[in-house]
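Hi,

Here is the structure I promised to pass on. Have a look, and then read my notes below.

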Amino acid sequence: RDSKHSLGLESVNLTGEYSNGKKHDAENSYLHISHFTAKLNGRPLDIQYNMDNFKEPLVQTTIIADISLKDLRNFITIPGLDSLSGDVNINASFKGKIADLEHYSTINRTTLSGKMSIKNVVVKPVGQKFAYRNMSGNFETDGNDLQVNNFSGNCGKSDFTLNGAFK
């Protein structure tokens with residue numbers, strides 16, 4: 001918990017290992033968190049996180065969480081947003097080099113898979129007149145395709161609904 005935010009993590013449990021490797025340098029360093037559980041305002045968070053090679057980081061992580069976005073915003077600073085609220089339930093995994101996320105031509109070297117559902121989400125970006133409101137829906141990816149089910153919401157006086165797949 002820091003002085004700018006009103007929430008802190010509760011019931012924190014962590015098991016992990018750090019090493020700067022046999023050569024004692026960034027390239028051989030690693031951080032492996034095999035077990036991290038906590039509650040954010042009473043809601044569960046379960047993370048596994050591995051990062052190898054601090055020079056060219058390779059990350060493998062899994063997150064299972066039921067999060068209030070308002071609580072998340074009160075816990076950490078999220079730049080570019082005037083407001084954020086609603087609920088997110090996520091069970092997802094990511095594997096890849098951080099550098100591969102920086103370029104469209106290499107992003108396919110990473111893998112993201114899992115499921116996410118959102119309910120009553122409101123997002124108001126800084127500098128925009130209207131907020132995106134009442135957003136709800138279900139998303140699922142197998143590492144390649146994205147399936148969108150019953151994604152709906154409002155922006156200004158307009159509403160939207162999306163069902164389909166991105167392949």
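Which strand does threonine 62 lie in? Threonine 62 is part of β4, residues 58-68 (strands are DSSP E runs of at least two residues and helices are H or I runs of at least four, numbered from the N terminus).

Before the rest, some housekeeping. This is a predicted model, where local features need pLDDT of at least 70, side-chain atom pairs count only at pLDDT 80 or more, and totals for chains, interfaces and linings use all residues. Numbering runs from 1 along each chain as its sequence is written, and side-chain values use heavy atoms, with hydrogens and water left out.

On confidence, the protein averages a pLDDT (the predictor's confidence in each residue, from 0 to 100) of 93, and 96% of the residues score at least 70. The mean is highest in β4, at 97, and lowest in helix α1 (residues 69-75), at 90.

Back to threonine 62: its relative accessible area is 22%, so it counts as partly exposed (buried is under 20%, exposed over 50%, partly exposed in between; 1.4 Å probe, protein chains only). Beyond four places in sequence, threonine 62 touches Asp46, Ile47, Gln48, Ala92 and Ser93 (contact means heavy atoms within 4.5 Å).

Then there's methionine 135. Setting aside neighbours within four places in sequence, its contacts include Ile118, Val121, Val123, Phe151 and Phe160. Methionine 135 is also among the residues with the most contacts inside the largest nonpolar core, which has 19 residues (such a core is a set of buried Ala, Val, Leu, Ile, Met, Phe, Trp, Tyr and Cys residues joined through side-chain atoms within 4.5 Å). β5 gives the most to this core, with five residues.

Cheers
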